[in-house]
Amino acid sequence: MPRYPSPRTMAGLLRSADWIGTVSFAYSGSLLAAAAGMDAFGSCVVGCITAVGGGTVRDLLIGNAPVFWMQEVEYLAMSIVAALAAFISLPAGGLAEDGLVLRWTDHLGVAAFAVIGAQNGLRRNLAPLICVVCAIFTATFGGLTRDVLVNRPVYATCAAATGAVYLGMRALGAKPAMRIAAAVLFGTLLRELATVNQWRLPTAIDDAQRTHVDL
Amino acid sequence: MPRYPSPRTMAGLLRSADWIGTVSFAYSGSLLAAAAGMDAFGSCVVGCITAVGGGTVRDLLIGNAPVFWMQEVEYLAMSIVAALAAFISLPAGGLAEDGLVLRWTDHLGVAAFAVIGAQNGLRRNLAPLICVVCAIFTATFGGLTRDVLVNRPVYATCAAATGAVYLGMRALGAKPAMRIAAAVLFGTLLRELATVNQWRLPTAIDDAQRTHVDL
Amino acid sequence: MPRYPSPRTMAGLLRSADWIGTVSFAYSGSLLAAAAGMDAFGSCVVGCITAVGGGTVRDLLIGNAPVFWMQEVEYLAMSIVAALAAFISLPAGGLAEDGLVLRWTDHLGVAAFAVIGAQNGLRRNLAPLICVVCAIFTATFGGLTRDVLVNRPVYATCAAATGAVYLGMRALGAKPAMRIAAAVLFGTLLRELATVNQWRLPTAIDDAQRTHVDL
């Protein structure tokens, strides 16, 4: 993947989707923190964790340190700018957290993060199952911070499926550009469908039977 | 330690105890999560964190990455299977979380994890105090996830004692098979005694005097 | 920086401040945990996390493992002793958590940690922004454990400013002894001013408007 976004190759487009997702995650994370009354610094931290937290956990687990944003500083820089923009724009309105723009850039980001996570696993020669786990961590761990804040379901299953599609197409011999495009498109649309239809995985017991536990 | 369990050597038996502990941790972690109303994916995640979380933290701190379950995939695989089994068996009853089977396999697992953690520290030439800390992390960090959920006391002291027994016998010149057997047996029984007798370390103040803090 | 404190060089003095901060953090962390009713082991753990947690996170992110206290065992040893001292002294009174001694040693520790964090980043050839982030992590992450316990504001901004002063003076060509002294002095006093005057960064909205979120 080239270091900077480019419309000329599929890898360059993947980097573009990665940047869009990073900015979108930082913006929405900071927005929620600011709306909850956190100060500028705290909102910025929550925004940055939302944006780069997933890739950081992945890098730690696979042994890629200094972690990616310490080497590719542009990720932290764009996260800080987006987080501050969200903080400043909140009193004036800003983008709605569940509006069209943030929702779709969020979907796109999760899909791109999942594909990049799976690629990271492959580059380390890790087993397919572990590559899917890398996809899950990269795509969902940062957003956890934000989603736990607002008690929103975490679509980890979408990230797992996106990583699996990428790995499956690779196993079937699909070219890199093809499998990147297909997996990102699949992941983006799947997440919109899951959101709109409020898909939930089954629970083992009814709500009435659940033990009282502070999760 | 051989990669797969074997009844022929003490190291092979230690690996067996390690697998039994891993499966037991994954099962009980998932069981509690499922009983609290989490979906299949969430229960699976809690089960896996319970099973491999301790070794993961140890690997990160000592610089062993990719972490163990990314290289020995069987650990993650057996954790997922055990976690799903717990999720599926919950409505039908399944093993009781505080029943005889899960309690003793849990004790055995904690003891085995502590010995393996101490061994990891020794392999990195770390000081005895740090090896004991490795034992504590390996044995208790994963279970924390589960134990915090149900407000159960964490027997970190048992893990520390188990690691110390292993290191002490090694310093006294005991053979590997001997010190593994003694430490695992000691740790397993100590934890049962602590559970049955509800042993607690002293607190500095009475319950009445404690400051109100959400721990 | 020499491994042990020394009054003869500025680097030796920085190490002294580092030790003072470590002991102070461990003491105050353990004190709060003990006052909240935790047992000796738990208080010790909270004290140690408060003391070495920040440097641990920094080491993990920059890829310095085994982490510092696994190699320089004296840090963990002094943390354990200080934490146990706090636990034991609590019923008898002990140092007041917000008294003069603990407040100033805390300030000094945060300033020294921030400078050392920035130095760690420089040694890895990381960008200035990332070095400031290293300063923030080193200085504040451990204290978070303690400060979240008592709902106390976290002065991350002071740590960021201290790291920035160190880096700025280095960029301007100031000698090592000069920039260490200036940054530590600046950070120590800034934090006292922030505490006394209850400085707060602005929030985006009024308290009345904040969304209800359990942060």
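## Basis of the model

Helices (H or I, at least four residues) and strands (E, at least two) are DSSP runs, numbered from the N terminus. This is a predicted model, in which local features need pLDDT of at least 70 and side-chain atom pairs count only at pLDDT 80 or more, while totals for chains, interfaces and linings use all residues. Residues are numbered from 1 along each chain as its sequence is written, chains are lettered from A and ligands numbered from 1 in the order in which they are written, and side-chain values use heavy atoms, with hydrogens and water left out.

## Annotated spans of chain A

Two kinds of feature come from UniProt. Its positions are given in the numbering used here, feature names are shortened, and annotations may be inferred rather than shown by experiment. An unreviewed UniProt entry places "domain: Glycine transporter" at residues 17–88 and 104–169 of chain A. In the model, residues 17–88 of chain A are 85% helix and 0% strand. The end C-alpha atoms of that span lie 25 Å apart.

For "transmembrane region", the unreviewed UniProt entry lists residues 40–61, 73–94, 125–144 and 150–169 of chain A. Residues 73–94 of chain A are 73% helix and 0% strand, with end C-alpha atoms 26 Å apart. Residues 125–144 of chain A are 85% helix and 0% strand. Their end C-alpha atoms lie 27 Å apart.

## Interface of chains A and B

Contact means heavy atoms within 4.5 Å. By that test, 25 residues of chain A meet 23 residues of chain B. The size of an interface is often given as the accessible area lost when the parts come together. Here the buried area (accessible area, 1.4 Å probe, that two parts lose on being put together, summed over both) is about 2000 Å² between chain A and chain B. Carbon and sulfur atoms give 80% of it.

There are zero salt bridges between chain A and chain B; a salt bridge is a side-chain nitrogen of Lys or Arg within 4 Å of a carboxyl oxygen of Asp or Glu. Two residue pairs are in polar contact between chain A and chain B, both at pLDDT 80 or more. A polar contact is a pair of N or O atoms within 3.5 Å; within protein, one must be able to donate a hydrogen and the other to accept it, and residues adjacent in sequence count only if both atoms are side-chain atoms. On the side of chain A that touches chain B, helices H2 (40–62), H6 (128–149) and H7 (156–171) of chain A each supply at least two residues. H6(A) gives the largest share, six residues. By class, this side of chain A has 18 nonpolar, four polar and three charged residues. Ala, Val, Leu, Ile, Met, Phe, Trp, Tyr, Cys and Pro count as nonpolar, Asp, Glu, Lys and Arg as charged, and the others, Gly among them, as polar.

## Interface of chains C and A

This contact takes 25 residues from chain C and 23 residues from chain A. The area buried between chain C and chain A is about 2000 Å², and carbon and sulfur atoms give 80% of it. Salt bridges between chain C and chain A number zero. Two residue pairs are in polar contact between chain C and chain A, both at pLDDT 80 or more.

Helices H2 (40–62), H6 (128–149) and H7 (156–171) of chain C give two or more residues to the side of chain C that touches chain A. The largest share, six residues, comes from H6(C). This side of chain C divides into 18 nonpolar, four polar and three charged residues.

## Aromatic pairs

Over all chains, the structure holds 15 aromatic pairs. Rings of Phe, Tyr and Trp (its six-membered ring) pair if their centres lie within 6.5 Å; planes under 30 degrees apart count as stacked, over 60 as edge-to-face and the rest as tilted. The ring centres of C:Trp19 and C:Tyr75 are 6.4 Å apart and the planes stand at 70 degrees, so this pair is edge-to-face. C:Trp19 lies in helix H1 (residues 10–35) of chain C and C:Tyr75 in helix H4 (residues 74–89) of chain C, so the pair ties together parts 56 residues apart in sequence.

## Backbone details

A cis peptide bond joins A:Ala65 and A:Pro66, with omega about -5 degrees. A:Pro66 lies in the loop between H2 and helix H3 (68–71) of chain A. In chain B, the bond from B:Ala65 to B:Pro66 is cis, with omega near 0 degrees. B:Pro66 lies in the loop between helix H2 (40–62) and helix H3 (68–71) of chain B.

B:Gln198 is not a glycine, yet has a positive phi of about 50 degrees. B:Gln198 lies in the segment after helix H8 (176–196) of chain B.
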